[in-house]
Amino acid sequence: HLGSGLVCAFFPWLFAYQWTVLAIAGGALGALALGRRRGLLESVTGVDRRSSGEAWFPVGVYVLFVVARHNHVFWLIALSALVLSDTAAALIGRTYGRLGYTVGEDRKSLEGSLVFLVVTFLAVHVALLLGTPIERTASLLVAAQIALLVASFEAISLRGNDNVVVPLGTFYLLVKLTHQAAPNIALQ
């Protein structure tokens, strides 16, 4: 996630057309399918549960590019929820996760989900403060709401589809919440 996400972060500055990103996503999907079939790319395809997360990742990045490429701050925030939050949650959950829960056939940990929530909150809040004119109170409320909702989306996602749900959910919530005043956000 982290390496691919860092490369993808630059897409809105590098590519003017969605078709270029579609070609990159298609190429990535083809390479991943070939790698899975031949037992290669174990660091990407060799997760310890049934998952299609490696295939959902380029799909999520492409669709996010289509909807968010003209809003660079929201693009980076939504991508960071996918890349930074999901990576931190996986690392902490795998290493320190003692309080597990299952969703379908997937096993997750409360520790990983809490780390996802905290990293998402910080990423959203800091980016909104530094990259937009949104007031501090509104930024805190938007970040808290997005962190709670997107962490919930991630917690109930199955077989890697969080790689689409998380960035698109984050972007949608940014669009819906950031134009409102702090009291209206607080009421929600």
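The model is predicted, with local features needing pLDDT of at least 70, side-chain atom pairs counting only at pLDDT 80 or more, and totals for chains, interfaces and linings using all residues. Residues are numbered from 1 along each chain as its sequence is written, and side-chain values use heavy atoms, leaving out hydrogens and water.

Let's start with helix 3, residues 18-38 (helices are DSSP runs of H or I, at least four residues, numbered from the N terminus). Its 21 residues should span 30 Å at 1.5 Å a residue, and the end C-alpha atoms agree, sitting 30 Å apart (the expected span is 1.5 Å times one less than the number of residues). Here is how its two sides sort out, with buried meaning under 20% relative accessible area and exposed over 50% (1.4 Å probe, protein chains only).

| Class in helix 3 | Residues |
|---|---|
| Buried (under 20%) | Gln18, Val21, Ala25, Leu32, Gly35 |
| Exposed (over 50%) | Trp19, Ala23, Arg37, Arg38 |

Seen down the axis, the buried residues fall within an arc of 115 degrees, so they line one face of helix 3 (the arc uses directions from the helix axis to the C-beta atoms). Just after helix 3, glycine 39 takes a positive phi of about 75 degrees.

Now for the second largest pocket, which holds about 170 Å³ of space. A pocket is an open set of 1 Å grid points where a 1.4 Å probe fits, with protein on both sides within 12 Å along at least five of seven lines; lining residues have an atom within 4 Å of a point. Helix 6 gives the most to this lining, with six residues, while helix 1 (2-8) and helix 7 (110-131) each supply at least two. Among the lining residues are Leu76, Val83 and Ala123.

Technical notes. Points joined across faces, edges and corners; volume = space filled by probe spheres on them.
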